[in-house]
Amino acid sequence: MNKFLKKRLSIIIFILIPIIFLWHPNWLGFLGIQPYWPLFWLLPWSMINGSINGIIFGLFLGLILDAVTLDSNFSQIPGLILCGVWFGRIKIHSDLLVGHFRYGLICAFGSFLCGTLHFLQILFNNFSNNNFLVFIPGVQNILAEVFLTGLFAPLICSQLLRLFKSFMGEKQDNKFL
Amino acid sequence: MSDIRRISTNRWWHKKNSWIFFGIFLFLVFVRISKGSIYKDFYYFISKPFWPGQFQKEVILNSIEQESLIKVDLLKKDNIRLREILSLQESYNNDNISAAVISRKTGSWWRQIILNKGSRDGVKIGSTVVGPGGLLGRVKNTSLFTSSVRLLTSPESKLGVWVDRIQVNGLLVGSGDDYPNLVIYSKDADIKVGDFVSSSPASTLLPPNIPIGIVKSVEEPLQAKKMAKVVLLAKPHVIDWVQILKVKFNE
C-alpha cells in the first residue's frame with residue numbers, strides 16, 4: 001500500500017490541487033489574494049517529464065480548475081498549457097540543478113503570464129465602456145499573485161521536485177501518458 | 001492595696017460600654033466624612049424592587065415590541081397582497097435554507113463562495129443568498145451536496161438595485177475588488193456618499209428591499225451616466241453562515 005502511494009505520489013498531489021485551490025486559506029493570502037497553486041505542481045512535473053507532459057497536464061489542470069470556479073469570463077487552460085510547455089523546455093535547455101530561488105523567479109513569471117492572460121480574457125469578454133472599472137483591481141490581482149507565487153515557489157517546488165524524482169522512475173513517466 | 005485595686009477597675013477603658021460608644025462614634029465620623037454614601041447605597045439596594053420606573057419601563061418596552069411585531073406582520077401581509085395585485089416578485093417568505101460557507105474565494109480573479117447545501121436540500125440556481133448585513137449574491141451552480149454562489153463583487157455580477165433617497169434604479173456591477181460599482185443612467189442623479197442601496201422593488205431576479213450597501217464615493221459623470229463605489233453591508237470574507245432564500249420566479 002505504501003509503495004503504491006509512493007509510486008503515485010505526483011498524481012495524488014495533482015488531485016489535491018483543486019482542493020487547495022477551493023480551500024483558499026486566508027492566512028496565506030496577501031490583499032485577499034492567494035498564490036497560483038497549480039504552478040507549484042506543474043513546474044516540477046514538467047521539468048521531469050518534458051513539454052508534452054506539461055501540455056497535457058496543463059490542460060487537465062485547467063479543465064479541473066475551470067470546473068470548480070464559476071467564471072465563464074475566462075479560462076485558465078491557455079495559461080497553464082503555455083506554462084507547461086515552457087517549464088518542460090527548462091529541462092531540455094538546462095541540465096544544471098535549478099537553484100531554489102530560480103524556482104521562485106520561474107513560478108513568478110509563470111503566474112504573471114497566467115494572470116495577464118486571465119486579465120486580457122476578462123477585458124476582451126467585457127469589451128465595453130466599463131472596462132476601466134476592472135483595470136486597477138486586475139493589475140493589483142496580478143501583482144499580488146506574482147509576489148505570493150514567487151515567495152512560496154522555492155519552498156514548495158524544490159520539495160516536490162525532490163519527491164517526484166525519488167519516487168518516480170523513468171518507466172512511470174510514460175505510464176501516465 | 002484594696003483602694004488601689006478598686007481605682008484601677010473603675011477606669012473607663014475597662015468598661016465595655018465605653019468601647020461600644022467609641023465604636024459608634026467612629027462609625028458616625030466615617031459616615032459624616034463619606035457624606036452618607038453607605039446609607040445611600042444601602043437604600044439603593046433595598047428600595048430597588050419598589051422603584052416605579054424600572055417595572056414600568058419593562059412593561060412599556062414589551063408592549064412596544066409586541067406592537068412592532070404585529071405591525072411588521074401586518075405590513076408583510078399587505079406587501080404580499082399588493083405584490084400579488086401588481087404581479088411582482090414575491091418578497092421574503094419563511095421558507096429559507098440555512099447553509100454554512102465551506103469554501104471562500106473572495107479575492108483574486110474568482111469571487112465565489114461554496115455552501116454546504118445543494119440540490120438535495122432544494123437549492124435552485126438563481127436563488128438569492130443573504131448573510132448578516134444583507135445581500136451576498138445569487139446561486140450560480142448547484143451540485144448534489146453543494147451550491148456555488150456568485151458574489152456581488154464578481155466582475156460577472158450585474159444586478160438591478162434601488163437607491164431609496166433619490167428613488168432611482170441603478171445597476172450594480174462587480175469590478176473585481178471589494179467595492180462594486182453602482183451605475184446610474186442619468187447624468188443629473190443626485191447621488192451622494194452615504195446613500196443606502198437595496199434590491200430593487202421592481203426586480204424580477206431578487207426579492208425586493210434586501211439591504212445591499214452604502215455609497216462610498218461618487219465619480220464624475222461620464223457619457224450620460226453616473227458611477228459610484230458601494231461598500232457592501234454583508235462581508236463575504238468573514239461570514240460563515242448564510243440564508244438561501246427560496247424564490248418563486250414569475251412564469
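With 15 C-beta neighbours inside 10 Å, B:Asn209 counts as partly exposed, because a residue is buried if 20 or more other C-beta atoms lie within 10 Å of its own, exposed if 12 or fewer, and partly exposed in between, with C-beta atoms placed from the backbone. The model is predicted: local features need pLDDT of at least 70, side-chain atom pairs count only at pLDDT 80 or more, and totals for chains, interfaces and linings use all residues. Residues are numbered from 1 along each chain as its sequence is written, while chains are lettered from A and ligands numbered from 1 in the order in which they are written.

**Positive phi in chain B**

- B:Asn209 is not a glycine, yet its phi is positive, at about 60°.
- B:Asn209 sits in the loop between strand S9 (196–199) and strand S10 (211–218) of chain B; helices (H or I, at least four residues) and strands (E, at least two) are DSSP runs, numbered from the N terminus.
- B:Gln167, also not a glycine, has a positive phi of about 55°.

**Chain composition**

- Chain A contains seven helices and zero strands, in the order α-α-α-α-α-α-α along the sequence.
- Chain B has four helices and twelve strands.
- Of the 177 residues in chain A, 39% are buried; in chain B, buried residues are 31% of 251.
- In chain A, 79% of the contacts with a separation of 6 or more are between residues 24 or more positions apart; two residues are in contact if their C-beta atoms, placed from the backbone, lie within 7 Å.
- For chain B, 55% of the contacts with a separation of 6 or more join residues 24 or more positions apart.

**Nonpolar cores**

- The largest nonpolar core has 36 residues, of which A:Leu39, A:Phe40, A:Leu42, A:Leu43, A:Cys83, A:Cys107 and A:Cys157 touch the most other members; such a core is a set of buried Ala, Val, Leu, Ile, Met, Phe, Trp, Tyr and Cys residues joined through C-beta atoms within 7 Å.
- At least two residues of this core come from each of helix H3 (37–68), helix H4 (77–93), helix H5 (100–125) and helix H6 (135–167) of chain A.
- The most, twelve residues, come from H3(A).
- A second, separate core has 35 residues, including B:Val149, B:Leu172, B:Ile212 and B:Met227.
- Apart from neighbours within four places in sequence, the contacts of A:Leu42 include A:Gly54, A:Phe57, A:Leu61, A:Leu80, A:Cys83 and A:Phe87.

**Helix packing in chain A**

- The axes of H2(A) and H3(A) are 10 Å apart, at an angle of about 40°; axes are lines fitted to C-alpha atoms, for helices over the stretch in contact, and angles run from 0 to 180 degrees between N-to-C directions.
- H2(A) and H3(A) are therefore oblique to each other, because angles under 35 degrees count as roughly parallel, over 145 as roughly antiparallel, 65 to 115 as roughly perpendicular and the rest as oblique.
- H2(A) and H3(A) cross in a right-handed sense; a crossing is left-handed if the near helix is turned anticlockwise from the far one by less than a right angle, and right-handed if clockwise.
- Residues in this contact include A:Ile13, A:Phe14 and A:Ile17 of H2(A) and A:Trp41, A:Trp45 and A:Leu61 of H3(A).
- By class, the H2(A)–H3(A) contact has 15 nonpolar residues, one polar and no charged; Ala, Val, Leu, Ile, Met, Phe, Trp, Tyr, Cys and Pro count as nonpolar, Asp, Glu, Lys and Arg as charged, and the others, Gly among them, as polar.
- H3(A) and H5(A) cross at roughly 125°, their axes coming within 10 Å, which means that H3(A) is oblique to H5(A).
- The crossing of H3(A) and H5(A) is right-handed.

**A:Ala108**

- A:Ala108, in helix H5 of chain A, has 22 C-beta neighbours inside 10 Å and so counts as buried.
- A:Ala108 touches A:Val146, A:Thr149 and A:Gly150, residues up to four places away in sequence not being counted.

**Contact between the chains**

- Chain A and chain B each contribute 23 residues to the contact.
- On the side of chain A that touches chain B, helix H2 (9–23), H5 and H6 of chain A give two or more residues.
- H6(A) gives the most to that side, with four residues.
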